Amino acid sequence: MIIRNKVWEELKQAHVNILCLKWYTDRQRKYERYYQCFIAFTASAGTFGYIIEEWFPLVSSMLIAFVSIVKSLFPQFIQPEKELCVLDGIMDFYNRYMNDLELLMFQHDNDTLNDDETMAKIYSLKGEECEKQSIMNRFVRSIPEKRMTQLVNESTEYLNKVYYDKYESEGE
């Protein structure tokens with residue numbers, strides 16, 4: 001039972017990481033879309049604003065230049081797409097990791113693997129996961145505590161529905 005709990009906790013953490021990465025990258029890409037829309041709107045307004053006032057293109061160009069400089073000087077406002085692609089790769093890893101853990105749990109429950117073999121596989125998988133966690137910690141800049149609690153609760157609810165409802169129905 002201890003091994004099953006270990007697999008369960010790893011499974012839960014992997015699912016939380018998937019939800020966390022999905023939420024974070026979606027939010028960062030939303031900010032990037034807002035930025036691009038702002039630039040496009042301001043450039044269009046500057047182009048067509050000449051009809052209204054002669055100084056309108058100058059103001060819009062200065063505004064675009066200012067916002068672009070701020071973005072390059074303070075990249076923490078809008079995270080570069082390259083970093084978000086790295087996070088996408090880590091999310092793919094955690095999806096595979098979760099599948100491997102599910103298979104491991106299934107094999108352990110069906111006595112295909114004994115306790116020692118299961119623990120060896122857990123630590124083998126965990127070794128790969130450690131470096132991904134470090135990269136994730138570097139690129140995920142912040143997640144509000146309230147949101148993190150929601151993600152953990154969502155993951156727990158999901159895993160309970162998937163696993164415990166199934167196990168409870170088998171026991172009846």
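Biologist: Is the crossing of α3 and α4 left-handed or right-handed?
Modeller: α3 passes α4 in a left-handed crossing (the near helix is turned anticlockwise from the far one by less than a right angle). Helices here are DSSP runs of H or I, at least four residues, numbered from the N terminus. The model is predicted, so local features need pLDDT of at least 70 and side-chain atom pairs 80 or more, while totals for chains, interfaces and linings use all residues. Residues are numbered from 1 along each chain, and side-chain values use heavy atoms, without hydrogens and water.

Biologist: At what angle do the axes of α3 and α4 cross?
Modeller: Roughly 165°, with the axes of α3 (residues 81–109) and α4 (residues 115–139) coming within 10 Å. That makes α3 roughly antiparallel to α4 (over 145 degrees).

Biologist: What residues make up the contact of α3 with α4?
Modeller: The contact divides into 13 nonpolar, 4 polar and 8 charged residues.

Biologist: New topic. How many disulfides does the structure hold?
Modeller: 0, a disulfide being a pair of cysteine sulfur atoms within 2.5 Å. For C20, the nearest cysteine sulfur is that of C130, 17 Å away. For C37, the nearest is that of C85, 19 Å away.

Biologist: Is C20 buried or exposed?
Modeller: C20 is buried, with a relative accessible area of 3% (buried is under 20%, exposed over 50%, partly exposed in between, with a 1.4 Å probe and protein chains only).

Methods. Axes fitted to C-alpha atoms, helices over the stretch in contact; angles between N-to-C directions. Helix = DSSP H or I, 4+ residues; strand = E, 2+ residues; numbered from the N terminus. Parallel < 35°, antiparallel > 145°, perpendicular 65-115°, else oblique. Nonpolar A, V, L, I, M, F, W, Y, C, P; charged D, E, K, R; others polar.
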